[in-house]
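This report describes the chain as a whole and then turns to one of its helices.

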Amino acid sequence: MTAEPPLPAKPLRASHADREAVVEQLREAAAEGRIDLDELDTRLGLALSAKTCAELVPLTEDLIPVVVAAGEPLVLKGGMHGASRSGRWKVPPLIHAHGGAGGVRIDFTRAECRLREIELEVHGGMGGVRIVVPEGWTVQADDLSLGLGGLKNKTTEERAAGTPLLRLTGSCGMGGVFVRHPNFLERRKLRDAGTD
């Protein structure tokens with residue numbers, strides 16, 4: 001008996017909130033002079049009639065600045081006791097995370113990010129690096145050396161409109177790198193705080 005080939009993944013359906021987020025971005029872009037009123041009307045029509053998230057992505061992809069934050073990269077060193085970045089913080093385009101013995105945890109769920117792409121250079125060490133990204137963010141790890149600990153990527157592959165690409169580079173080391181979306185309790189806290 002032969003196994004049937006797997007069915008192709010269905011595109012993620014766009015919600016009212018997805019469409020409204022794109023509409024807001026388009027209005028901001030028009031107010032800043034990045035698109036004219038005719039283009040705004042055209043894109044708004046496409047956004048409001050979009051059935052899937054994939055249809056929304058191209059409507060704002062050219063409007064998200066490649067680099068918003070300049071300056072020094074964020075450096076997190078786990079050392080013996082560990083290090084973390086969570087809550088409200090501004091995401092720079094480059095982050096270095098050194099797991100050391102205590103590990104590093106980076107939570108992007110409440111972070112302010114207007115970048116199209118973020119490079120996260122990881123060095124897992126013994127403690128590893130744990131990363132939490134909002135739903136809709138895409139993670140690319142083609143340039144990541146897996147080391148002994150390896151990579152566990154529990155995120156979805158479909159990128160939502162207006163969200164960044166998180167590009168992982170470096171090495172997983174012995175502790176490994178684990179990437180996921182918020183769990184049930186974390187999503188509940190975000191809803192209660194009004195940020196989801």
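## Overall chain

Of the 196 residues in the protein chain, 39% are buried, where buried means under 20% relative accessible area, exposed over 50% and partly exposed in between (1.4 Å probe, protein chains only). This is a predicted model, in which local features need pLDDT of at least 70, side-chain atom pairs count only at pLDDT 80 or more, and totals for chains, interfaces and linings use all residues. Residues are numbered from 1 along each chain as its sequence is written, and side-chain values use heavy atoms, with hydrogens and water left out.

The protein chain has four helices and 10 strands, taken as DSSP runs numbered from the N terminus (helices H or I, at least four residues; strands E, at least two). Their order from the N terminus is α-α-α-β-β-β-β-β-β-β-β-β-β-α. Of the contacts (heavy atoms within 4.5 Å) between residues at least 6 apart in sequence, 69% join residues at least 24 apart.

## Helix α1

Helix α1 spans residues 16–31, 16 residues in total, and reaches 23 Å from first to last C-alpha. This is close to the 22 Å expected at 1.5 Å a residue, the expected span being 1.5 Å times one less than the number of residues. After α1 comes Gly33, with a positive phi near 85 degrees.

Arg19, Val22, Val23, Leu26, Ala29 and Ala30 of α1 are buried. They line one face of the helix, because seen down the axis of α1 they fall within an arc of 125 degrees, taken from the directions from the helix axis to the C-beta atoms. These buried residues pack against α2 (37–49) and α3 (53–60). Ala17, Glu20, Arg27 and Ala31, on the other side of α1, are exposed.
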